[in-house]
Amino acid sequence: MTANKSHTIVESVIEKVDCIYERLRDQVIRMGTSTGSESHIFFVFGASGDLAKKKIYPTLWWLYRDGFIPEGTHFIGYARSQITTEKIFENAAKYMKVKDNERDLYEKFVKLNSYVAGSYDKDEDFKHLTNEANQISNQESAHRLFYLALPPSVYGSVSELISKHCRPKSPGWMRLIVEKPFGKDLESSNKLSEHLNKFYTEEEIYRIDHYLGKEMVQNIIVLRFSNQILSRVWNRDSIAAVNIIFKEDIGTQGRGGYFDEFGIIRDVIQNHLMQILSIVAMEKPRSTKGEDIRDEKVKVLRCIAPIKPEDVVIGQYTGDKNSKDPERQQGYLDDKGVPKDSTTPTFAQVVIFINNERWAGVPFILRAGKALNEKKAEIRIQFRSTPGGMFDDDNHGSDPNGKLARDELVIRVQPNEAIYLKLNTKRPGEMGFSIEETELDLTYGNRYKGVKLPDAYERLILDVFMGSKINFVRSDELEQAWRIVDPILEEIDKKKIPVIPYTFGSNGLNEAFDAARKHGYIFRGTYVWKDERSSSETNKEVTKAEDKK
Ligand SMILES: NC(=O)C1=CN([C@@H]2O[C@H](COP(=O)(O)OP(=O)(O)OC[C@H]3O[C@@H](n4cnc5c(N)ncnc54)[C@H](OP(=O)(O)O)[C@@H]3O)[C@@H](O)[C@H]2O)C=CC1
Ligand SMILES: O=C1O[C@H](COP(=O)(O)O)[C@@H](O)[C@H](O)[C@H]1O
């Protein structure tokens, strides 16, 4: 293909994406006017907090900058702290990424913001908030979106008081966005759901799981159901094991106070990884409508028995005394919010089985850890070994077992979004049937140069404006996810499962890799995926072992 031709293809991809953006923008603007109530108010509860500064305010700005916020929208922050709008924007400044040529627009956006200080449990404060909101928007029927960027301890009173005092007048609608954690276990989650159900319809509740807003998580549905080549083999006949992996190269970074009460299973596995699992494993939905997709996700979760203690490996990180990086020298117990005798896991692997016709016997291995060697999230679909032994006597590269490598489809969620299919090929140029592993590689940074992938929160907040619930968690999904992890959480909380120490910066726990092997997942250690994007920047290749684990 000539350089010109490939340039044209890339341009046309960008044009298509731009065109989708245009359509979305039109929809948002029409949505703002079609109900006869032009204005919207977006409330940020917990406006003084960490999530608000790092994610919510920057996301609102990016949506505004890109024309996705309906005309006439106002933003109101709310928290107990006696602060000002200026202070909020000062705190959030380094996350906003404002370019020089966007300064004027940014100032316009800042002017649409205000802040009200008040408690989380007093009627008069919420009445005051609604009076302020009416004045600011000059319209009592403006649609209202409430983002609860708050600790779960105050969800109860805040949700009740919002419903009592802050609902818009008809025909305005209201939507409540609830951050995870949705409870601490099945019982508390059910209680929270019952509480919310007293004051809101399910239609009004948006339980956010930001992994559902990530490009590659959204792509799973398209990959699975629009490619015959994949949908035919997506079952126990062809697939030997599924690995869903979350790794972070940072520790709790002062959030230990929150984390210690929850641990990695509640923080990441029960929600983000279980959501991914349900999309990877569900049957084909009737349509792309939110309810059809969520019905299928619940159905597959209902086929999963609670995880058994013998299928769990947990660990907690210790400081790496040899590291030059002061953060890596700190272990979990050094975080000032963490009790010195804490046994809360910062690493966990659980093996899940889905008892249905498609998946019986296939292990779904979910692994998550903080303070590891890298930041990465990916899904590995490992296919069964090739039967027949035709190539058994041939040279298969450095594999000590002399066996053919299994095919593996890897969906890299982050960083550097990619899909690559590992397969065997004849070693180029060699005589005979010398075989080596290679890949069909769809690295987004190479294939879709210049295409902007929106941040997960951008997509999800836009979804809430549009009233789309595909990417939000329904109460029955939540209940099922808790049911699956609840018994092992109880065992862990009672300290019945050993917590294995691992050093900050390590690859994970060998005990976890051994357990994955025991369940039939094969780590070969012979393959190198050349991540072209990072290699062009740093000339570094993903190392063999890291690619596997
Ligand atoms: N931070 C993050 O990266 C992520 C956070 N989340 C979730 O988002 C929500 C908010 O998180 P985050 O912003 O980190 O939380 P913060 O601890 O920063 O709390 C947000 C605000 O809530 C108020 N607050 C804090 N503690 C209490 C308390 N004990 N009682 C009453 N009010 C309190 C404070 O405001 P004031 O004192 O002014 O009232 C604070 O600014 C949580 O549910 C969290 O799990 C989810 C994903 C990532
Ligand atoms: O929800 C959470 O997710 C973050 C990781 O999010 P990512 O988008 O950066 O992958 C994690 O650090 C945090 O502990 C957890 O609460």
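Predicted model: local features only at pLDDT ≥ 70, side-chain atom pairs only at ≥ 80, totals over all residues.

Biologist: Fine. Which domains does the assignment give for the chain?

Modeller: Domain 1 covers 15-179 and domain 2 covers 212-548. Where they touch, domain 1 puts in 13 residues and domain 2 puts in 9.

Biologist: Which elements give two or more residues to the domain 1 side of that contact?

Modeller: Those are α1 (3-34), α2 and β5 (174-178). By class, the domain 1 side has 9 nonpolar, 2 polar and 2 charged residues.

Biologist: And what does UniProt list for residues 44-219?

Modeller: An unreviewed UniProt entry lists 44-219 as "domain: Glucose-6-phosphate dehydrogenase NAD-binding". In the model, that stretch is 47% helix and 16% strand, with its end C-alpha atoms 29 Å apart.

Biologist: Let's zoom out. How many helices and strands are in the chain?

Modeller: 18 helices and 16 strands. The chain has 549 residues, and 40% of them are buried. If you take the contacts with a separation of 6 or more, 79% are between residues 24 or more positions apart.

Biologist: OK, ligands. How many residues surround ligand 1, and which are the closest?

Modeller: There are 20 around ligand 1, and the closest are Gly49, Leu51, Ala79, Arg80 and Ser81. Helix α2 (residues 50-65) gives the largest share of that shell, with 4 residues.

Biologist: What's the class breakdown of the shell around ligand 1?

Modeller: You get 10 nonpolar, 5 polar and 5 charged residues there.

Biologist: Then which residues are around ligand 2?

Modeller: His210, Glu248, Asp267, Val268 and Ala377. That shell splits into 2 nonpolar, 1 polar and 2 charged residues.

Biologist: Why is β11 described as largely enclosed?

Modeller: Because 6 of its 8 residues are buried, β11 is largely enclosed by the rest of the structure. The cut-off for buried is 20 or more other C-beta atoms within 10 Å of the residue's own.

Biologist: Which strand is joined to β11 by 6 bridges?

Modeller: That's β12, running antiparallel to β11 (residues 376-383). One pair to click on is Ile379 with its bridge partner Ile411 in β12. Strand β12 (residues 408-414) is mostly covered too, with 6 of its 7 residues buried.

Biologist: And how many bridges join β12 to β13?

Modeller: 5 bridges, again with the strands antiparallel, and β13 spans residues 418-426. Leu409 has Leu421 in β13 as its bridge partner. The hairpin of β12 and β13 has 3 residues between the strands, and Asn416 there takes a positive phi near 55°.

Biologist: While we're on β13, why does Leu423 count as partly exposed?

Modeller: Leu423 is in strand β13, and it counts as partly exposed because it has 15 C-beta neighbours inside 10 Å. Leaving aside neighbours within four places in sequence, Leu423 is in contact with Asp407 and Thr438. Its C-alpha atom is also separated by 7.0 Å from that of Glu408, 15 residues apart along the chain.

Biologist: Switching topic: what's the strand order in the open sheet of 7 strands?

Modeller: The order is β3-β2-β1-β4-β5-β6-β15, with mixed pairing. β3 (113-117) and β15 (472-473) are the edge strands, each pairing on one side only.

Biologist: Do β5 and β6 run parallel or antiparallel?

Modeller: They pair in the parallel sense over 3 bridges, with β6 at residues 205-208. To spot the pairing on screen, find Leu176, which stands opposite Ile205 in β6.

Biologist: Last one. Where is Gly257 found, and is Gly257 buried or partly exposed?

Modeller: Gly257 is in helix α10 (residues 256-281). Gly257 counts as partly exposed, because it has 14 C-beta neighbours inside 10 Å. The C-alpha atoms of Gly257 and Glu296 are separated by 36 Å, and these two residues are 39 apart along the chain.

Notes: Residues numbered from 1 in each chain as written. Chains lettered and ligands numbered in written order. Near = placed C-beta within 6 Å. Nonpolar A, V, L, I, M, F, W, Y, C, P; charged D, E, K, R; others polar. Domains from an automatic or database assignment. Contact = placed C-beta atoms within 7 Å. UniProt positions renumbered as here; feature names shortened; annotations may be inferred. Buried ≥ 20, exposed ≤ 12 C-beta atoms within 10 Å, placed from the backbone. Pairing = 2+ DSSP bridges.
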